[in-house]
Amino acid sequence: MRVNGKEMTLGNNQSLLQFLAANQFDVVTLAVARNGEIVPKPTYDSVMLCEEDTLEVVRFVGGG
Amino acid sequence: MAMKRTDPMVYQKGMEIIASDILDKVLKHVDNYDYLNYSQSDVKQALSKEHLSLEDYGALLSPAATPYLEEMAKKAVVETRKHFGNSICLFTPLYIANYCENNCVYCGFNCKNKIRRGKLSIDEMEVELKAIAKTGLKEILILTGESRHHSGVEYIGEGIKLATKYFSTVGIEIYPLNSDEYAYLRKCGADFVSVYQETYNSIKYEQVHLSGSKRVFPYRFYSQERALIGGMRGVSFGALLGLDDFRKDAYATGLHAYFMQQKYPHAEIGFSTPRLRPFINNADNNPNDVHEKQLLQVMLAYRLFMPYAGITISTRERAGFRDHVIGMVATKISAGVSVGVGGHEQDEKGDEQFEISDPRSVPEVHQMILDRGLQPVYSDYIRV
Amino acid sequence: MTDQLVIGGQRFNSRFILGSGKFSLEIVQAVVENGGAEIVTLALRRANQGGEENILEYIPENITLLPNTSGARTAEEAVKIARLAREINCGNFVKVEVIKDSKYLFPDNYETVKATEILAKDGFVVMPYMYPDLNVARDLVSAGAAAVMPLASPIGSNKGLSTKDFIQILVDEIAVPIIVDAGIGRPSQACEAMEMGVAAVMCNTAVATAKNIPLMAKAFGQAIESGRNAYLAGLGRVLNQAAEASSPLTGFLED
C-alpha cells in the first residue's frame with residue numbers, strides 16, 4: 001500500500017480508522033483521499049483497506 | 001365624460017416581463033435624491049475625482065453646481081477628447097410613419113391631435129433612403145409614431161432591411177417591443193435602439209400618458225434591457241427635460257444607463273437630451289425651467305458621470321448651441337433633418353412631430369464640424 | 001450602523017486577513033491577536049505519522065479559517081483540495097488559487113473560474129485569488145464567488161500595488177467584496193489599498209518576514225483600519241494646478 005507516497009505494508013485486514021490509529025495519525029484534524037477519492041469521515045470505520053490502495057493523508061499547515 | 005384609466009404599473013396583455021431589479025434600484029435612488037442637499041464643496045469634490053460616484057453625479061446636477069458650469073465644461077472637454085478624440089458622428093432621422101395610439105399630452109404625434117397622418121410604402125422608403133444616402137451619410141435613424149396597428153414589426157423590419165442596403169449603421173426609435181421582436185429587427189439589420197422614458201416620476205408619467213400602451217411605465221422602462229437581450233449593439237436613454245422636475249429626471253436617466261451598463265457591460269450606451277419645444281396645435285405649451293444653461297448642465301453631468309457614453313444633440317436646439325456642445329459633450333449630431341413623414345426627397349406624407357431649430361444640410365454641418373477643429377465621422381462600424 | 005465586512009453571509013469587524021505561512025506556530029496566536037484578524041488562511045499538506053504539532057490548536061477559537069488550494073495546478077486539483085479541507089470540519093470557506101507558473105506564481109484565471117463555479121455549486125463560500133481582469137472578475141461573480149481577490153504584485157514580492165489602476169476598476173465595477181491579496185509589502189501599501197475602497201487586505205509574507213512579527217501584524221491591522229476610515233470619510237480634494245484655458249467655454253449660452 002502507498003501512503004503519502006511511501007510504501008507501507010498493510011498486514012491483516014484493517015479498516016481505515018484502525019490503520020490511522022495504529023500509525024498515530026490524529027483522525028480529528030486530517031482528511032484522507034483513497035485512490036483519488038475523498039473518504040467521508042463518518043465512513044472511516046467501515047472502509048476496509050487493501051494492499052493495492054493509495055492513500056493521501058492531509059492536514060492543515062500554515063499557508064497564505 | 002370621465003373615462004376609467006388603467007394602472008400604469010400593470011403590464012398589458014402580450015407585454016413581456018423580464019426578471020430585473022433595475023427599475024426598483026433607480027426609483028429608490030431617485031426617491032432619496034434631494035438636490036438641495038448638495039453644497040458647493042460637494043461639487044468641487046466631484047470635480048476633483050477621476051471616477052464619479054452616484055453622489056458626485058447628484059452634486060453635479062444640483063443647483064449648487066450652477067456657478068461651476070465653466071469648470072465642468074473644461075473637464076468635459078478633456079473627458080470627451082479622451083474617449084472620442086476629435087470625432088463627431090453624423091446621422092439623420094427618417095420618419096417612416098406618424099400614426100400613434102398614445103395620448104401623450106406634450107407630443108405632436110398625440111393620437112388626439114388632428115394632424116395629417118401617413119406612412120411610407122416600401123417604394124417610397126427606398127426613394128427617401130437613396131436621397132439621404134446621396135448626401136454621404138452612412139448612419140440612419142428610423143422612426144415611427146407608436147402604433148403597432150399601422151406600423152407593425154414586420155413593416156419596420158422591411159424598412160430596416162432596405163436601410164442596410166444604403167447605410168452601415170441603422171438605429172430605430174419606435175414603440176417598445178418584446179425581446180424576440182427586437183431579436184427579429186436585429187436580424188433585419190438594426191444596431192441601436194432608442195427609447196425615451198420621458199419622465200421617471202411615475203405619478204407625472206401617468207398624468208401625461210392618458211391612454212395607449214405607452215401608459216405602462218415598467219414596460220417602457222425595460223425596453224433597453226429587452227433590446228439588449230434581443231442582441232442589439234447599443235441602447236439610448238433620455239428624459240424629456242422639462243416635463244417634470246428635470247434634475248430628478250436627469251438623475252434617474254443617468255442611473256438607468258449606469259445600472260444597465262453594469263449589467264450589460266458590452267452594450268454601447270447613449271444619451272439624448274430633448275427638452276420641450278412648441279408643437280403644432282399647442283403653441284402655448286407652457287415653457288419650462290430648462291433653459292440652455294440647465295440643458296448644458298445636464299449634458300455636462302452625463303458626460304462627467306459616464307465619460308464613455310455617446311451623447312446626441314437634437315435639432316430641437318439652435319445652431320449656435322449645437323455648434324458649441326459638440327466636442328465638449330456631444331459626440332453625435334444630426335444634419336439635413338426632416339421630422340415629418342418622409343420629406344427628404346418627396347413631399348411629406350404626414351405632419352411633423354415638433355419644430356426643428358437647426359435646418360442646416362449635411363454639407364453645412366460637415367463644414368461647421370471642420371471649422372471647429374473636429375472630424376466628421378460618417379461610419380464608425382463595419383458589418384461582419 | 002457598524003461598518004462590517006460581509007462574506008458569504010458572515011460578518012466580520014476586521015478587514016485584515018492573515019496568512020499563517022512562513023512563521024512558527026508558537027507565535028501564531030500573538031500574531032492573530034495583535035493584528036486583530038478574524039480570518040486566517042491555511043494550507044493543506046501531507047500529514048506525518050506519529051502525531052505532530054497541529055496548527056489548529058494555536059489559532060484562537062473565534063477565527064474563521066480560510067483553507068487555500070495552494071499546490072493546485074488545475075481546476076480539478078483545486079476542487080479536490082477544497083473538498084479534502086472540508087472533511088476536516090473547519091467550515092466551508094475556501095480560497096481558490098490555481099497556479100501553474102512557478103516563476104511568477106501568477107494565478108491561472110481560466111482554471112480559477114472553472115474551480116469557482118464547481119465549488120460554489122457545491123456549497124462552498126469561494127474566495128478566488130486572481131490576476132486583476134474585469135472580465136474574469138465578472139465571470140467569477142457569475143460563477144458564484146463570494147469575494148474576488150486580485151493580486152497587488154507577485155506573491156511574496158512585497159512590491160505593493162503594481163496593479164492599482166486595475167484593482168480600482170474592480171472596486172468600481174464588481175458587487176462582491178474586492179480583497180487585495182499578495183504582494184503587499186508595507187502597512188502603508190495596505191492602507192493605500194483600503195483608501196481606494198477595497199473591502200479587505202490579505203497579507204502573509206510582509207508580516208512573516210518582519211523582525212518583530214507580532215508588532216508588524218499590529219502595524220498592518222492599524223494601517224488597514226486607518227485606510228478604511230479614510231475611505232469612509234471620503235478623501236479630500238487634491239488641488240489640480242494645471243494651466244487653464246483662457247477663453248470661457250460656456251459663453252455661448254442664451255435664454
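Two strands are taken to pair if DSSP finds at least two bridges between them. By that criterion, strand β3 (residues 16-19) of chain C pairs with β4(C) in the parallel sense, over 3 bridges. The model described here is predicted.

**Contact between chains A and C**

- Chain A contributes 21 residues to the contact, and chain C contributes 28 residues.
- On the side of chain A that touches chain C, the elements giving two or more residues are β3 (30-34) and β5 (54-62) of chain A.
- The most is given by β5(A), with 7 residues.
- Sorted by class, this side of chain A holds 10 nonpolar, 7 polar and 4 charged residues.

**Strand pairing across the two chains**

- Strand β5(A) is joined to strand β4 (residues 39-46) of chain C by 5 bridges, and the two strands run antiparallel.
- Within this pairing, A:Arg59 has C:Arg45 of β4(C) as its bridge partner.
- A:Val58 stands opposite C:Arg46, also in β4(C).

**Strand pairing within chain C**

- In the parallel pairing of β3(C) with β4(C), C:Leu18 stands opposite C:Val40 of β4(C).
- Strand β5 (residues 64-67) of chain C is also joined to β4(C), by 4 bridges, and these two strands run parallel.
- C:Leu42 stands opposite C:Pro67, which lies in β5(C).

**Burial of β4(C)**

- How many of the 8 residues of β4(C) are buried? The number is 6, so the strand is largely enclosed by the rest of the structure.
- A residue counts as buried here if 20 or more other C-beta atoms lie within 10 Å of its own.
- In a regular strand, the side chains alternate between the two faces of the sheet.

**A residue of chain B**

- B:Ser41 is located in helix α2 (residues 40-47) of chain B.
- Is B:Ser41 buried or exposed? B:Ser41 is exposed, because 12 other C-beta atoms lie within 10 Å, and the exposed class applies at 12 or fewer.
- B:Ser41 and B:Glu364 are 323 residues apart along the chain, and a distance of 43 Å separates their C-alpha atoms.

Methods:
Residues numbered from 1 in each chain as written. Chains lettered and ligands numbered in written order. Predicted model: local features only at pLDDT ≥ 70, side-chain atom pairs only at ≥ 80, totals over all residues. Contact = placed C-beta atoms within 7 Å. Nonpolar A, V, L, I, M, F, W, Y, C, P; charged D, E, K, R; others polar.
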